[in-house]
Amino acid sequence: MSMARRTLARAVGLLALGAASALAGTPAAAPPHLVQRDGRHALMVDGAPYLILGAQVHNSSNSPEALKKVWPAVQDMHANTVEVPIAWEQIEPQEGRFDFSFVDTLLAQARQNKVRLVLLWFGTWKNTSPQYTPAWVKLNNQRFPRMVDKDGKPSYCLSPFGEETLAADRKAFVALMGHLKKVDAQQRTVIMVQVENEVGTYGLVRDFGARAQAAFEQPVPPAVLARKKALVPGAASGPWRAVYGDYADEYFHAWAVARYIEEIAKAGRAVYDLPMYVNNALRDPLEQPPKPWKNNFASGGPTHDVIDIYKATAPHIDIVGPDLYSPESAQVNGSIGLFQRPDNPLWVPEMSNAAVYARYVYPILGRGALGVAPFGIDYFDYSNFPLGSRFTDKRMVEPFAGIYAAFGTMQRQWAQWAFEGRTFGVAEGDDHADQVITMKGWNAKVSFGQWQFGEKEWPGNAKEAPAHADKLVGGVAIAQVGDDEFVIVGQRARVRIEPATPQGLGAMLVRTEQGRYDSSGRWVMERNWNGDQVDWGLNLGAQPVVLKVRMGRY
């Protein structure tokens with residue numbers, strides 16, 4: 001049996017095991033969890049790697065009535081996982097009295113629609129703000145203190161040094177996790193939980209309150225120093241300013257917020273142990289090395305430059321994930337490169353739903369991400385344009401739907417290949433330039449903006465470019481499933497696979513099949529590409545297509 005077939009057989013076997021366990025209602029496999037090998041990661045669900053083809057609903061779509069506009073969009077998009085907020089004010093409107101009726105409705109409807117869930121805990125902070133805390137928290141500054149600036153003026157943001165705030169948030173989160181264990185431990189509809197949302201503070205670098213200032217003047221914790229080395233020459237230890245100089249305020253605030261989140265995550269996982277993560281409103285990834293905070297991002301949030309502080313301080317948080325809202329290809333590539341680390345799985349928990357972002361699914365999944373989830377995927381009549389799509393109907397999901405449908409037929413296989421380090425991907429750059437994917441023994445040369453027949457330089461082609469030539473729509477992801485065998489998924493691109501080093505007389509396509517994987521993981525061929533369909537490379541059209549390709553040398 002060839003390496004490709006062994007790999008595919010293993011992936012199909014894992015898929016069958018997971019499906020059988022889920023159908024049985026009492027899964028034999030472990031609960032959802034993360035695994036790591038050689039710096040790569042997988043989210044295990046029902047005993048097999050799982051690829052999140054996600055959809056995040058609008059913030060207000062967390063009521064039974066609102067869900068009516070969620071499921072049609074999710075189905076149209078071909079998503080397999082839905083991210084839904086659970087607000088603290090929603091489950092504990094009166095202190096000590098919990099209401100999980102929406103959680104139960106959500107679980108029931110998700111199961112009916114055959115999708116998994118990621119729950120977003122909107123507790124102390126949502127986009128840095130206390131908007132989703134109960135009124136009894138919002139309006140009691142004495143008990144639940146705000147941050148203050150150097151002059152003692154209160155900030156909008158709740159302080160990470162509020163002991164009662166932490167105790168109340170932790171209590172509510174533990175109650176939520178306890179309820180999930182009671183009602184979902186067998187079905188495992190919920191596969192991951194986000195703790196808080198886009199934390200940090202705008203307009204204020206840190207808390208200058210009395211408790212915060214006392215902590216700032218204490219030595220930097222050894223666990224932080226072990227991962228985030230001193231920036232001041234000769235400072236092996238000491239208070240934050242002495243160790244980190246101009247970066248001290250931001251780093252201290254990151255530590256304070258991470259410590260707060262750790263207490264919540266640790267307590268929640270003690271009750272029901274699911275993977276947990278935090279998301280991040282990004283700072284500029286192209287500013288290297290990063291400069292000290294100048295009111296240009298949310299200080300204290302898990303930006304790429306303080307991931308080490310979060311890892312040291314919040315070990316019960318598995319992942320720090322980037323929220324992608326800058327459409328430039330350099331920004332996207334820069335961010336996903338900084339957040340994908342041997343100690344941090346790549347997971348994009350939030351991304352704009354504007355059409356120009358759809359092509360980024362290819363490099364995200366090609367790089368081996370756990371998954372991706374565009375924001376605002378429901379048919380509520382609200383648009384966050386220009387940050388997101390201007391549309392609120394089916395036109396909003398269409399740019400993503402074909403891509404999700406293509407990956408959806410092989411999501412378990414793709415997740416397995418990614419965990420084995422076999423996947424690659426690119427998106428059309430803002431400059432429309434050619435790109436090269438380097439693989440074992442082969443290179444894939446990817447170009448964009450061409451007709452499907454002939455070369456750009458041909459007189460006829462040079463005279464009239466195709467309509468998509470100036471649009472940012474192309475993308476390709478490749479899984480090298482054997483030494484000379486590939487699964488390619490993509491659109492609006494030309495792919496030429498060539499030997500990395502010349503051998504023999506030359507190399508050529510042996511067979512190129514277009515098709516899909518069925519529900520049992522079996523490849524179903526639709527047509528065999530040949531002749532002029534491959535003479536000019538593999539030319540992927542407007543609709544995403546899946547190809548099985550075998551190369552050979554002669």
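Reader: What is the relative accessible area of His-432?
Author: His-432 has a relative accessible area of 24%, so it counts as partly exposed. The classes are buried under 20% relative accessible area, exposed over 50%, and partly exposed in between (1.4 Å probe, protein chains only). Keep in mind that this is a predicted model, where local features need pLDDT of at least 70, side-chain atom pairs count only at pLDDT 80 or more, and totals for chains, interfaces and linings use all residues. Residues are numbered from 1 along each chain as its sequence is written, and side-chain values use heavy atoms, with hydrogens and water left out.

Reader: Where does His-432 lie?
Author: In the loop between strand S14 (423-427) and strand S15 (435-438). Helices (H or I, at least four residues) and strands (E, at least two) are DSSP runs, numbered from the N terminus.

Reader: Which other histidine has a positive phi?
Author: His-78, with phi near 65°. His-78 lies in the loop between H2 and S5, and its relative accessibility is 43%, so it is also partly exposed.

Reader: Where are the cis peptide bonds, then?
Author: One runs from Gln-288 to Pro-289, with omega near -5°. Pro-289 is in the loop between S10 and H11. Another runs from Phe-385 to Pro-386, with omega near 10°. Pro-386 is in the loop between S13 and helix H14 (394-408).

Reader: Change of topic: strand S4. How many of its residues are buried?
Author: 5 of the 5 residues in S4 (residues 52-56) are buried. Ile-52, Gly-54 and Gln-56 are on one side and Leu-53 and Ala-55 on the other, and both faces are covered. In a regular strand the side chains alternate between the two faces of the sheet.

Reader: Which strands does S4 pair with?
Author: S13 (residues 371-374) runs parallel to S4 and is joined to it by 2 bridges. Two strands pair if DSSP finds at least two bridges between them. Leu-53 stands opposite Val-372 in S13. S5 (residues 81-87) also runs parallel to S4, with 3 bridges, and Gln-56 stands opposite Glu-83 in S5.

Reader: What path does the chain take from S4 to S5?
Author: It goes through helix H2 (residues 71-77), and this β-α-β crossover is right-handed. That means that, with the strands pointing away from the viewer, the path from the first strand over the helix to the second runs clockwise.

Reader: Now S9. Is Val-190 buried or exposed?
Author: Val-190 is buried, at a relative accessible area of 0%. It is found in S9 (residues 190-197).

Reader: What about Val-193: buried or exposed?
Author: Buried, with a relative accessible area of 1%. Val-193 lies in S9 and touches, among others beyond four places in sequence, Phe-173, Met-177, Met-276 and Tyr-277. Val-193 and Tyr-277 are 84 residues apart in sequence and 6.6 Å apart C-alpha to C-alpha.

Reader: Which elements cover the buried residues of H12?
Author: They include strand S10 (276-281), helix H11 (307-313), strand S11 (319-324), strand S12 (348-351) and helix H13 (361-366). The buried residues of H12 (residues 329-339) include Val-332, Ile-336 and Phe-339.

Reader: Where is Met-508, and what is its relative accessible area?
Author: Met-508 is in S20 (residues 507-517) and is partly exposed, at 48%.

How values were computed:
Contact = heavy atoms within 4.5 Å.
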